[in-house]
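Subject: Handing over the structure

Hello,

Here is the structure I promised to pass on to you. Please open it alongside this message, and then read on for what was found in it.

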Amino acid sequence: MRFRTLTLAAASGTALLAAGLLPAHASAAASPRSAQEGTVSAADLLAKVTSCSQISNGKYRTDEETSATVPVCGKNGAVFWKADMDIDCDGQRTTNCNEDRDPWYQDDTAFHQSDGKPLKAETLPYVVVPSTSSIWNYSNAGIKGGGVVAVIYNNKVEYAVVGDTGPTQIIGEASYATAKALGIDPDPATGGADSGVTYILFKNSKVSPIESHSAAVSLGDQLAKQFIASN
């Protein structure tokens, strides 16, 4: 596992509270159900990301000690990358996400719930995007806080939201809840997956409220179908 930078870029959640594309359909406290989620298969999504049209100015490392090998790739309606999965346990303190369980724990996330509080990594599937740098600017690519992400691993699809930002040169990180739903060890200190994770981020999408996982699944399934049709 990589040693995470302790200073993550934080952004005010105020601007992210505008009405989104879908209403909430379930309590944020509900744990995500086991993947597969939605009606689009992992195989159908992966078939559309077999080749990369690189849109990043360089490549990212997956860990502090690895070389830069991961580009951000562009498709119609989405960007994607293939990397590992490190575990993000930042945000509100919970049973498994706190200072005692996570050596790199921080009590905030770049994007916030509709009530202004940080996200809950233990119960909300979210993905971490690299902070803006000369390599890539996620916001310029149409990626925003609360945007929908299809995370694919071991032939399973889990829908998540863009929930946090990370180091400028490292890619491949998602919340405790994302890992758990995909069958990946979610332990923030020792868990994660070394490779084999595909992240497809749908451009100009936004779940409102960001903490509604069911809204992310509904919107994600819709956007996945559009992605398949347009690529």
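R93 and E99 form a salt bridge, with their closest N and O atoms 2.7 Å apart; the term stands for a side-chain nitrogen of Lys or Arg within 4 Å of a carboxyl oxygen of Asp or Glu. E99 is partly exposed, at a relative accessible area of 42%. On that scale, buried means under 20% relative accessible area, exposed means over 50%, and partly exposed is in between, using a 1.4 Å probe and protein chains only. R93 and E99 also belong to a network of salt bridges that includes D107.

Before going further, please keep in mind that this is a predicted model, in which local features need pLDDT of at least 70 and side-chain atom pairs count only at pLDDT 80 or more, while totals for chains, interfaces and linings use all residues. Residues are numbered from 1 along each chain as its sequence is written, and side-chain values use heavy atoms, with hydrogens and water left out.

Across the whole structure, the search finds five salt bridges. One of them joins D187 to R101, with the closest N and O atoms 3.8 Å apart. D187 sits in the loop between α2 and β7 and R101 in the loop between β2 and β3, so this pair ties together parts that are 86 residues apart in sequence. The helices (H or I, at least four residues) and strands (E, at least two) are DSSP runs, numbered from the N terminus. R101 is partly exposed, at 32% relative accessibility.

Another salt bridge brings together the side chains of E64 and R61, at 3.6 Å from N to O. Here E64 is partly exposed at 34% relative accessibility, whereas R61 counts as buried at 19%. You will also find T62 in the loop between α1 and β1, and it is buried at 14% relative accessibility. The side chains of T62 and D63 are joined by a polar contact of 3.4 Å. A polar contact is a pair of N or O atoms within 3.5 Å; within protein, one must be able to donate a hydrogen and the other to accept it, and residues adjacent in sequence count only if both atoms are side-chain atoms.

Now for the cysteines. How many disulfides does a search of the whole structure find? There are two disulfides, each being a pair of cysteine sulfur atoms within 2.5 Å. C52 and C73 make one of them, with sulfur atoms 2.0 Å apart. The torsion about their S-S bond is about -100°, so this disulfide is left-handed. C52 lies in the loop between α1 and β1 (73-75) and C73 in strand β1, so the pair ties together parts that are 21 residues apart in sequence. C52 is partly exposed, with a relative accessible area of 40%, but C73 is buried, at 3%.

A disulfide also joins C89 to C97, again with an S to S distance of 2.0 Å. This link is left-handed too, with -65° about the S-S bond, and both C89 and C97 are buried. Numbered in sequence order, the bonded cysteines pair as 1-2, 3-4.

Leaving aside neighbours within four places in sequence, V72 is in contact (heavy atoms within 4.5 Å) with residues including I55, Y60, W81, W136 and I171. V72 and N57 are 15 residues apart in sequence and 8.8 Å apart in space, C-alpha to C-alpha.

Next, have a look at strand β3. Five of its five residues are buried, so β3 is largely enclosed by the rest of the structure. Y126, V128 and P130 point one way from β3, while V127 and V129 point the other way. β3 pairs with β5 in the parallel sense over five bridges; strands pair if DSSP finds at least two bridges between them. V128 stands opposite D164 in β5.

Finally, the largest nonpolar core has 62 residues, of which W81, M85 and Y199 touch the most other members. Elements giving two or more residues to this core include β2 (78-88), β3 (126-130), β5 (156-166) and α3 (213-230). A nonpolar core is a set of buried Ala, Val, Leu, Ile, Met, Phe, Trp, Tyr and Cys residues joined through side-chain atoms within 4.5 Å.

Best wishes
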